[in-house]
Amino acid sequence: MEIQVNSTKGSLSYRQLMQHRIHEILIVSSLYDAFKLEEDGRLSEMLISEYQAYNLINVPRITRVSTADHAFRKMEQKHYDLVITMAHIIDANPFEFGRTIHKRFGDVPIVMLTANKREYEWVMANSENTEGIDRIFYWLGDSSIFPALIKYVEDKKNASRDIQKGMVRAIIVVEDSPSFYSVFLPIIYRIIIEYTGKLISREYTDDLKLLRMYSRPKILLATTYEEAVDYYSRYKNNLLAVISDIRYPKEGKINPQSGVEFLKTVLQNTPSAPMLLLSMEKENARYARAVNAYFLDKNSPDLIHELRQFVIDHCGFGDFVFRTPSKKEILRVRTLRSLETALSKVPLQSISYHAKRDHFSNWMAVRGYFELADKLKPLNYDDFTEPENLRKFLIEAVSNVRKHQLQDKVVIFNSETYDPELKYLRIGTGTLGGKGRGLVFLVNYLSRFDLEKAFPGVNISVPRFVVLGTHVYDDFMERNNLPYRALETDNDKEIDRIFIDGEFDKAFTGDIIEYLRHNNNPLAVRSSSLLEDSFFEPFAGIYRTLMIPNRDESLDVRVGQLLNAIKLVYASVFQSASRSYMGSTGHRPEDEKMGVIIQHLIGKSYGDYFYPTFSGVMQSYNYYPQKKLTREGGLATVALGLGRTVVSGEKALRFSPQHPKIIPQFYDTKSTLRNSQTHFYALNLHNDSALLLKGEECNLDRLEVNKADQSCVLDIVSSVYNANDNSFSESDWEKGPRIITFANILKYKTFPLAQLLQTTTKIIKDGMGSQVEMEFAANVCLNGEYTSEFYILQIRPQVTYDRSAHIKLANAAKEKLVLFSDITLGNGICRGVKDIIYVDIETFDILKTEAIVQEIRKLNSRFSEERHYLLIGPGRWGTADPMLGVPVNWNDISFVRSIVEVGLPDLYVEPSFGSHFFQNMTSLGISYFTIPPAKIESNIDWGWLQTQKAEYIGEYIRHIRCEKAITIQVNGTKGEGLILKPLLS
C-alpha cells in the first residue's frame, strides 16, 4: 500500500525567519572616540553583557579602524554586515564616507553615532549632502544602544520576508528626532525581548523556543510621513501597534500635524490597532482623543514607565486581561489552556469588546500562533447571527490549536503550564535511553505519514507517555548513595528495599504530582536504559516493566505507587539477572544509566480488569519460514490481552502478514486445540498500594481465556469449537469452548491487522535502516461504540545474523553427529565447547520443570566466560509457563553457547520468536536448534550422550565433559545446523 506523506504546508519553522543577521561589525572612529567608546577596551564585553541581558545569542564580532582608508581596505578583504561610524573621521566626511561605501560595496547598512544634539546639529550643518548614512543615533554612554541599533538594522532587512511570508507582526515607530528614538528603541526592544524571553521559558520544545525568539514583532522606525505611510501600506495586515510623534517631516517640511494625519489613516483602515501619540505639548492630547489614540507627554518624568506599560498592555506581551467595556478587569490568563477555560466563563460583552479590538489576535500573534491570529483578526460581534456563536467559535479555534500544535512532538514538562492535551512529554535532562529514543523517533517519524487516511476507521498512534531523562536516575542514585549500597549485596529483595527507601528530588516529585493530578488511567512503567534496544545488545526483558492501576481515590497513594515503580525499575539494574546478562555482554551495573518511560497502558476496563483486545510483537524478518512464508515477509506473534503472554514465551498465535490465512501451528483440529492460547494477562484495577512489593511476577493477573469479556473481546479473537463435528465456527451465537484463533481478523478481515503490520513495519524499517521488532496493542470494536485503535508500543532493531559468510556444513556421516536440525537459528562455526548439559528425557516430568531449573542453575555457576556449554532439553526454553518447557532466566544459563529445543510427542511447542528470551539469545549469537517430535530419535544420538562419562548426574540432568571439543555449525541461509562429535573435531 502506498502511504501518502503528510504535507508540511502552513507550518512555520524558525529557520525560515531572520534570514539576515548581523555577524560582523566594522566601527570607524578616531583613537580618542574609540577610547570613549570602548572604555579602555571593553566594547566587546559590554556588547556581550547587553546581549545576555536581552537573552540574545550570536553576539556580533567587532572590528575597529581609525580611518576611512583603512575601512575601505578592510572591506575589500572581508564582508561586513554593518558599518558604524563616528561623526568625526580624520580623513573623510562621514556622509562622503557612507556614499563611497555604498558605491563600492553595495547596500551595506551604515549608522552614525553622535555624542549629543550639538554634535548632531554641527555635523548636519557642515555637510551639504547628508545622503550616505542610513540612520543617526545618539550615544550617551548607555551600552543598550548597541543591541538596539543592531536589531533595528536586522528588522529592517528582514521585515518584508518575515512579516509578509512569516506572518510576524510589526510595530511602527515614527520619530524624526535621534535624541528621542535613541531612547525609545532600546526601551521597546528591551521590553519585547524581555517578555519574549518569558514566553520562551514556558515553551515545550527547543524548536518552539527558537520560533518564539525569531518571530518576535519587528520594530520599523520611520522618520518622515511618507516613510511611515509606506510601512503601513505594506504591513497593515500584520500591524501590532503604532507609536508616533506628532511633528515630523511631510513632503520635505516639518508638519506639526503629521502624526495626527498618519494616525487618521491607520484609524480609518485598521481601527483596532493600538495607537500612541507623543508630543512635548500637553494640549495635543486632544488630537490623540480625536483619533482614538493614547497620549504621552515627552516631558513627563514617567515617560519611560508609561511607554513600557503601553507596549506591555496593548501589544499582547503580558497576561490576557479580560475587561468589561468600561475597562474593569475581570480575569487574567497566561496560557492557551487557561484562555480556553476563561472563554467559557467570562461575559459575552467582554469577549465582544476584545474581539472588536483585535486583542485576541494580537495576543496570539505575539506568541507565534500566526494562523490562529489571522483567523481571529477580522472577528466582529456582528458577524454572528447568534451572539453565543462568537464564544463557541473562539473556544473551538483555541482548542484546535492547543490540541494539535504539539500532537506529534515530545515536549518538556512544565508543571506551571502543563496542558493535559499534550501526549508526549519529557521530564529531566540527560539522555532518553534506548526505548525512549525509539519512541521519540517513532512519534516524530510517523507524523510524516497519513496512516489514518490509508486505514479509515482505525486510530493509529503511539500511546501517551512521559520519558524520564537519565539525570533523574543520576540524581536519585547520588542523593541516596545507592550504587555502593546496591553493589554490597546480591540479595534481590534487599536491593529492592534499599531503592524503595530512597527519596527523589522535591522538584521531580512535584512534576509527578502535577502529572498524575490530570491522569488517572493505568500506567506501564518501563525501563529505558542506555544499553537497551541497541542493535547488538537489546537487553530485552532484562529490566523490569511494572503496571499500576493508578485508580485510587487518593492522589498521594497514586503518586506513591508510581514513584515506587520508578524506583523498582532503577533497582532492576542491580538485580542478579541483570548482573548476569551484563557480565555476558562485558558491561557492569556501574556503566548503566536508566531512563524510564511512563506509558499509558493500552486497553479497556472490563469489570475488575484492564486489558486490550490483543497485543503482539512484529518482526520484519522471519527466522524460520515455513510453507509459502518467506524470511522477508516477517512474522507476527499475537495474543489476547496484555503482551506478557508473547514476551514471556507462552502460547500465542503466529502468522506472516503476507499470508495471514496460513497458521503453521494450526495444521489440523487437534493441533489447534493443543497450541492455541489458554491464558491471558490483565491488570487488576483493584490491587492495593502494596502491589509492587509482591514482585514483578505478581504485577498482573493470569486468567483463563474464558474470563475475557465475550461480546467485546472473545467474539473478535476466538472461534467456537463444535465437538460434534470436530470443527470451528466464528458465529457468536453458537455454544461451545472458545478457542483463540484470530479467524475473524485474519480470515474474515474484520480488522486490517495484517495490512497494518505490513505497512507500519515497512515504514519503520525504512526509517531505521535495519530489520525491526515492533511491539503493538489494539482495542478493536465491531459494534461502533468507539473507534478501533492500533498502538505501536515500542520499536527496536531486530538482530539478524551476519550471513555474508556462507557456512558450508560438514559432509559427515550420521555416526559422526551429536545432532542435526533443519530448523536452526544462527550462522557460523563455534569451536571450543567441551561440555554438554542435557535433560534426561527418560526421567523428564513437565510438572518438575522448576526443579530442573534449580539443577541447571547450580551447574551454570561452575562455568565462566572462558568455559561454555551446550544445553539440550525438551519444550520451550525460557518460557514463563512451566507447562510449555523449562522456565529458565538468563542468570540460570548465562554461560550457555548453544541451545537445543527437543520436541516430545506430548510436548512440542514451536520457538517463541517474539519473546524477550529469544531476542536476547539472538543478540548474543547463541545458536538455537529445534528438533521436532518426529525426528527426536533420528536427529539426536542419545546413545552416544548416554555412554559419555558424566561429571554430574542429577534427578533430571546429566552433565558430560568431552576430552576434545565438539564443533557447532549453522548455515543461516538455509536454517540448517549440526553438532559434530569430538572425534571429527
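Trainee: Which residue lies over the face of Tyr-786?

Mentor: Lys-604 does, at 4.2 Å from the ring centre. Keep in mind that this is a predicted model.

Trainee: And what sits over the ring of Tyr-225?

Mentor: The charged end of Lys-250, 4.5 Å from the centre of that ring.

Trainee: Let me step back. How many helices and strands does the chain have?

Mentor: There are 33 helices and 42 strands.

Trainee: What share of the residues counts as buried?

Mentor: The chain has 985 residues, and 57% of them count as buried.

Trainee: What about contacts, how many join residues at least 24 apart?

Mentor: Take the contacts between residues at least 6 apart in sequence: 73% of those join residues at least 24 apart.

Trainee: Back to rings. How many aromatic pairs are there in the whole structure?

Mentor: A search finds 35 aromatic pairs. Phe-137 and Tyr-152 make one of them: the ring centres are 5.8 Å apart and the planes stand at 65°, so the pair is edge-to-face.

Trainee: Why does 65° make it edge-to-face?

Mentor: Because planes over 60 degrees apart count as edge-to-face, and the planes here are at 65°.

Trainee: Where are Phe-137 and Tyr-152 in the chain?

Mentor: Phe-137 is in strand β5, residues 135-138, and Tyr-152 is in helix α6, residues 145-164. The two are 15 residues apart, and the pair links distant parts of the chain.

Trainee: Are they buried or exposed?

Mentor: Both Phe-137 and Tyr-152 are buried.

Trainee: What kind of pair do Tyr-232 and Phe-262 form?

Mentor: Edge-to-face, with 90° between the planes and 6.3 Å from centre to centre. Tyr-232 belongs to helix α9, residues 225-235, and Phe-262 to helix α10, residues 258-269. They are 30 residues apart in the chain.

Trainee: Buried or exposed, Tyr-232 and Phe-262?

Mentor: Tyr-232 is buried, with a relative accessible area of 4%. Phe-262 is buried too, and its value is 0%.

Trainee: How do the axes of α9 and α10 cross?

Mentor: At roughly 15°, and they come within 10 Å. That makes the two helices roughly parallel. The crossing of α9 past α10 is right-handed.

Trainee: Which residues make the contact between α9 and α10?

Mentor: On α9 they are Tyr-225, Ala-228, Val-229 and Tyr-232. On α10 they are Ser-258, Glu-261, Phe-262, Thr-265, Val-266 and Asn-269.

Trainee: What about Gly-252, where does it lie?

Mentor: Gly-252 is in the loop between β9 (248-250) and β10 (253-255). It is exposed, with a relative accessible area of 74%. Between Gly-252 and Tyr-225 there are 9.3 Å in space, C-alpha to C-alpha, and the two are 27 residues apart in sequence.

Trainee: Then Asn-255, buried or exposed?

Mentor: Asn-255 counts as buried, at 18% relative accessibility, because buried means under 20%. Its place is in strand β10.

Trainee: What is Asn-255 in contact with, leaving aside neighbours within four places in sequence?

Mentor: Ile-246, Arg-247, Tyr-248, Pro-249, Lys-250 and Glu-261. Of these, Glu-261 is also one of the α10 residues in the contact with α9.

Trainee: New topic. At what angle do α18 and α30 pack?

Mentor: About 110°, with the axes 11 Å apart. Helix α18 covers residues 433-446 and helix α30 covers residues 753-768. The two are therefore roughly perpendicular to each other. The crossing is right-handed.

Trainee: Which residues make that contact?

Mentor: Phe-441, Leu-442, Tyr-445 and Leu-446 come from α18. From α30 come Ile-763, Ile-764, Asp-766, Gly-767 and Met-768.

Trainee: Which residues form an aromatic cluster?

Mentor: One cluster is formed by Tyr-473, Phe-476, Phe-499, Phe-504, Phe-508, Tyr-570 and Phe-574.

Trainee: Last one. Where does Arg-104 lie?

Mentor: In helix α4, residues 94-105. Arg-104 is partly exposed, with a relative accessible area of 41%. Leaving aside neighbours within four places in sequence, Arg-104 is in contact with Phe-72 and Glu-76. The C-alpha atoms of Arg-104 and Phe-72 are separated by 8.9 Å, with the residues 32 apart along the chain.

Definitions and conventions: Residues numbered from 1 in each chain as written. Predicted model: local features only at pLDDT ≥ 70, side-chain atom pairs only at ≥ 80, totals over all residues. Heavy atoms only, no water. Phe/Tyr/Trp six-rings, centres within 6.5 Å; stacked < 30°, edge-to-face > 60°. Helix = DSSP H or I, 4+ residues; strand = E, 2+ residues; numbered from the N terminus. Buried < 20%, exposed > 50% of the residue type's maximum accessible area, 1.4 Å probe, protein only. Lys NZ or Arg CZ within 6 Å of the ring centre and 35° of its normal. Axes fitted to C-alpha atoms, helices over the stretch in contact; angles between N-to-C directions. Parallel < 35°, antiparallel > 145°, perpendicular 65-115°, else oblique. Left-handed = near helix turned anticlockwise from the far one by under 90°. Contact = heavy atoms within 4.5 Å.
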